[in-house]
Amino acid sequence: MHLVTSTKTLIQKLRDDGWETLLEEVTSFCKHQDIEIPDMDACFSSMGRSRRKTKLVTLKHHYRVDIFITIIDQQLQEINNRFNEQVIELLKLSTALDPRNSYKLFNVEDICLLVDKFYPEDFSEQEKIHLRFQLQHYELDVPNHLNLKNMSSTADLCQGLVETEKSTIYPLIDRLIRLILTLPVSTATTQRAFSAMKIVKTRLCNWMEDDYLANYLIVYIEKEIAERFPIDMIIDDFYSMKER
C-alpha cells in the first residue's frame, strides 16, 4: 500500500513536470534515427472535422494536453478507483493482524480503529470494549504459542486459532480475522461486476430497468452456477408462476 501511494505521487509528478523531459528524449531519439521532427509551434488540424469547429492549437499543445496529460489522467483515475484513500487505509489497518515476522505489525490501536471505522455494524459497543481486552491478552499469548508463532499468512492464523481452540478464547479477534479474509473475495466480485456491466449494458440495452439489469448481471457473472440448472426445470418454474 505504501508503494501504491508513492506510485500515485510519482505519476502526478510526471504529469506536472515530466513533459519537457519526455519531449527532450523523443527529440533526441528522432535525431539519432533520422526521423523528421515536426514544428511544435505549428497549428494542429484534426482530420475529419470542419475547419470552423477546429480550435486553433499548436502541435505542442495537442501532444501535451490532448495525449500526454489525458493518458496520465486516465491512469491516475484507474488507480484511484481501485485504491482510493479509504481502501488504502482499510488494507493498511488490516495488516495489524498479519502474523508474519513474529507478529511484527501487531498494533492494538490500529485494530480497534479498524473495527470502529470499517466494521461498526459487525461489533456492538460492548464487544468493542471487550475486543481491546482480548487484544491485550492475545498480544502476550498467541505470538509465543508453540503452534502459532511461525504463521505465514492470515489464513493460516485463522486455521491455527481453530486447531488450538484459541478461537473460543478470543472469539472477537477470530471474527475480525474472518472478516478480513473476505476482503479479496468481495473486491474481486465488485471488479467482475463492473467488467460485466461494460459488456452487458450496451447502447441498445441502455433503457434496461435496474431490477432486470441486476438479475441479468447475476446470471452473467455466475454463469458457471447458472449452467447447472437444467432448461426443463426453468420451464417448469415459469409454468408454475401465476398467469399474467
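Contact here means heavy atoms within 4.5 Å. This is a predicted model, where local features need pLDDT of at least 70, side-chain atom pairs count only at pLDDT 80 or more, and totals for chains, interfaces and linings use all residues. Residues are numbered from 1 along each chain as its sequence is written, and side-chain values use heavy atoms, leaving out hydrogens and water.

**Stop one: Leu176.** Select Leu176. Setting aside neighbours within four places in sequence, Leu176 contacts Leu97, Ile111, Leu114, Val115, Tyr119 and Phe123.

**Stop two: the cores.** A nonpolar core is a set of buried Ala, Val, Leu, Ile, Met, Phe, Trp, Tyr and Cys residues joined through side-chain atoms within 4.5 Å. Buried means under 20% relative accessible area, exposed over 50%, partly exposed in between (1.4 Å probe, protein chains only). The largest nonpolar core has 31 residues, and Tyr119, Tyr138 and Leu176 touch the most other members. Now colour helix 4 (85–94), helix 6 (108–118), helix 7 (125–141), helix 8 (154–163) and helix 10 (171–181): each supplies at least two residues of this core. Helices (H or I, at least four residues) and strands (E, at least two) are DSSP runs, numbered from the N terminus. Next, pick Ile11, Leu59, Ile69 and Ile79, which are among the twelve residues of a second, separate core.

**Stop three: Val57.** Go to strand 2 (residues 57–58) and select Val57. Is Val57 buried or exposed? Val57 is buried, at 17% relative accessible area. Beyond four places in sequence, Val57 touches Ala42, Cys43 and Phe44.
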